[in-house]
Amino acid sequence: MTYMVLVLMVSFVLGLVAVASNPSPYFAALGLVVSAGVGCGLLVGFGSSFLSLVLFLIYLGGMMVVFAYTAALAAEPYPESWGDWSVLVYVVGYFCILFWMGASFVSDWSWGGWMGGEESMEMGMVRGDFSGVAMLYSWGGGMLILGGWMLLLTLFVVLELTRGVSWGALRTV
């Protein structure tokens, strides 16, 4: 379990570096999807399975709309990928910053425990996020339906804005 969480944490940091270092929306969106998936895997590893599922569905649904909008407005025929020198300089710079931050905080990490407050109580099998399921269906059901409807409406608006090459003022820029 420890090795799985370690691999997920390293993958999460690599995905975040991929998002931060790439100016192209195509590759940055791929890094963002990887980071969201790995972050939800981390939440599952720490016991929050329902929160992980809700975050994965809602966050990636919203990111699909944002990615469709930015990809439609990007005017680059050949975007910069992770192998280009300009992107590689950013990647190396971000890894140097991460190494420096990790080295400066390693002494503070070693004294704290790795167990959260819920695991140290007498009934460690009862998780706090399971009560969120009942609250979501009792009070938050209408907001879930409204949020899904807004995402669908936004997707149709983005598709209508980017429908044709010669349609609208946004594509002539």
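**Cysteines, then a helix**

Trainee: How many disulfides does the structure hold?
Mentor: It holds 0 disulfides, a disulfide being a pair of cysteine sulfur atoms within 2.5 Å. This is a predicted model, where local features need pLDDT of at least 70, side-chain atom pairs count only at pLDDT 80 or more, and totals for chains, interfaces and linings use all residues. Residues are numbered from 1 along each chain as its sequence is written, and side-chain values use heavy atoms, leaving out hydrogens and water.

Trainee: C40, buried or exposed?
Mentor: Buried, with a relative accessible area of 9%. C96 is partly exposed, at 48%. Buried means under 20%, exposed over 50%, partly exposed in between (1.4 Å probe, protein chains only).

Trainee: Switching to α2. What span should its 21 residues have?
Mentor: 30 Å, at 1.5 Å a residue. The expected span is 1.5 Å times one less than the number of residues. The end C-alpha atoms of α2 (residues 25–45) are 30 Å apart, so the two agree. Helices are DSSP runs (H or I, at least four residues), numbered from the N terminus.

Trainee: And what covers the buried residues of α2?
Mentor: The cover includes α1 (2–21) and α3 (49–73). Among the buried residues are L32, V38, C40 and L42.

Trainee: What does L55 touch?
Mentor: C40, L43 and L60, not counting residues up to four places away in sequence. Contact means heavy atoms within 4.5 Å. L55 sits in helix α3 and is partly exposed, at 41% relative accessible area.

Definitions and conventions
Helices (H or I, at least four residues) and strands (E, at least two) are DSSP runs, numbered from the N terminus.
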